[in-house]
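Could you walk me through the domains, the open and enclosed spaces, and a couple of individual residues in this structure? A short tour would be welcome.

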Amino acid sequence: MGRNPRPQHFLVVGLRRLVETIDMANEPYFPGLEGVIAGETAISSIEGELRYRGYSVSELAGSATFLEVASLLLHGELPTSETLADFQSVLSEAAELPDPVRTLLEEIPVHVDSMDVLRTGVSALAQFDPQCDEEGRDADLNKATRLLAQIPLIVAARYRMMQGYPPVESKPELGFAANLLWMLTGKEPSLLHERAMDVSLILYAEHEFNASTFAARVVTSTGSDMYSAITAAIGALKGPLHGGANERVLEVLKEVQEMGDAEAWVREALAKKRRIMGFGHRVYKNGDPRAVILRGYCRELAEESGDMEMEEIADTIERIVRTEKGLPPNLDWPSARLYHAMGLEPEVFTPLFVVSRVVGWAAHVLEQSESNRLIRPRSRYNGPAKRKFVPLAQRD
Ligand SMILES: CC(C)(COP(=O)(O)OP(=O)(O)OC[C@H]1O[C@@H](n2cnc3c(N)ncnc32)[C@H](O)[C@@H]1OP(=O)(O)O)[C@@H](O)C(=O)NCCC(=O)NCCS
């Protein structure tokens, strides 16, 4: 049995709290929360190597499918053949968009950014989910599964609309990655394209307390619902310093292709202190292991097509950014080339990140809900000192 604290204890705690509220200037402060441990998680770790629930991501990318990984992240364990088949059939049943959501997607003008459309679409899905405000693990798992099934439909329908084509019906029997490519392009993919897409989805699925996941956890910590958390996460992912980097990488590669001299381009960009999209990482200072895995697939796809130009441009930029700035590439560097080699346009690159990362976000929403405390940090005030209010009439 614990001892009762003495009255002095309360005095000390009370005084410390008082001091904390008035003396924030002396509290340690880490811009961008760099290095700050903001919570605990059992979903993934990036110490030493990236692991999802204890499994090395290189091993998962080498031998598992995205759906096995999705099941692992959401349920905590790798599925058996039977539980995987159940998961697949639940996903197939959920793979339908409510008519008003389809209409909404058609109504949004084609020039609107595809991440904005996806954010709106996911928010709208909440209104048609009978369990939207239902609390508890089972309800949240159902919502997560429905999102995993419906987000690819929104992404594909909107993408085809932007390309001027009608949507194609989902064919879940093809498997998750092949069906995704089918719905985007209207063509059944080769085995290599299917596997490359699957691996990219595995690599994008989860990454502990990145900005969008943290946004989802903050929303969840207030007691809000899964859809609100995922909508906020999509908003955070859209930014070019996070998920939005992959589509900008292709803009860079095309710019360099047009200019025709990768070395001159990159040296000039660095001299002008331009931020090179797809390089650098808040946590991986010596290299992003996911980028190494995906680069192998970029090679295979380029060799298959017989067109190595983008790979050669990428190699030159990579070599110079590494030597001049010490910055290795992150996952968005090869993923842009990979999706481009599959014939996809850049406006779908960041939405494809969402197709996968929704699994990681949902796993974090579940984890936060199960062991919740409101996330509410403090700030260090750097505005004007206390000043006297002057009424409007005396301000001229
Ligand atoms: C990911 C990223 C935001 C991490 O940044 P961070 O840890 O906050 O590091 P900072 O933004 O503070 O950058 C530190 C230094 O490296 C430089 N730097 C970082 N990434 C750079 C990049 N991609 N190109 C050029 N310089 C870069 C910064 O200019 C800064 O230099 P300085 O100290 O001379 O001003 C950053 O590397 C970046 O903007 N990368 C490009 C976008 C991207 O690929 N995002 C996807 C991430 S997975």
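Predicted model: local features only at pLDDT ≥ 70, side-chain atom pairs only at ≥ 80, totals over all residues.

Residues are numbered from 1 along each chain as its sequence is written, and side-chain values use heavy atoms, with hydrogens and water left out.

**Domains**

The chain is assigned domain 1 (57–237 + 349–370) and domain 2 (245–341); such bounds come from an automatic or database domain assignment. Their C-alpha centres are 27 Å apart. Where they meet, 18 residues of domain 1 are in contact with 20 residues of domain 2, contact meaning heavy atoms within 4.5 Å.

**Pockets and cavity**

On a 1 Å grid over the protein atoms alone, a cavity is a set of points where a 1.4 Å probe fits but cannot get out, while a pocket is an open set with protein on both sides within 12 Å along at least five of seven lines; lining residues have an atom within 4 Å of a point. Grid points are joined across faces, edges and corners, and a volume is the space filled by probe spheres set on the points. In the class counts, Ala, Val, Leu, Ile, Met, Phe, Trp, Tyr, Cys and Pro are nonpolar, Asp, Glu, Lys and Arg are charged, and the others, Gly among them, are polar.

| Space | Volume | Lining by class |
|---|---|---|
| Largest pocket | about 1,600 Å³ | 20 nonpolar, 14 polar, 14 charged |
| Second largest pocket | about 660 Å³ | ten nonpolar, one polar, five charged |
| Largest cavity | about 60 Å³ | eight nonpolar, one polar, two charged |

The largest pocket has 48 lining residues, of which Asn210, His281, Arg282, Val283 and Lys285 are the closest to its centre. Because domain 1 and domain 2 both give residues to this lining, the largest pocket lies between them. At least two lining residues each come from β1 (44–45), α10 (211–221) and α17 (349–370); helices (H or I, at least four residues) and strands (E, at least two) are DSSP runs, numbered from the N terminus.

For the second largest pocket, 16 residues form the lining, and those closest to the centre are Pro28, Leu33, Val36, Pro377 and Arg378.

How many cavities of 30 Å³ or more does the structure hold? There is one. Its lining includes Ser114, Val117, Ile154, Tyr159 and Pro351. Two or more lining residues come from each of α6 (114–126) and α7 (137–163), with α7 giving the most, five residues.

**Two residues**

Lys238 sits in the loop between α11 (226–237) and α12 (245–259). Lys238 counts as partly exposed because its relative accessibility is 30%; buried means under 20% relative accessible area, exposed over 50%, and partly exposed in between (1.4 Å probe, protein chains only). Beyond residues up to four places away in sequence, Lys238 touches Asp113, Met115, Asp116, Gly244 and Arg248. Pro351 is 113 residues from Lys238 in sequence, yet their C-alpha atoms are 8.6 Å apart.

Ser71, in helix α3 (residues 66–75), is buried, with a relative accessible area of 4%. Apart from neighbours within four places in sequence, Ser71 is in contact with Gly76, Glu77, Pro79 and Phe87.
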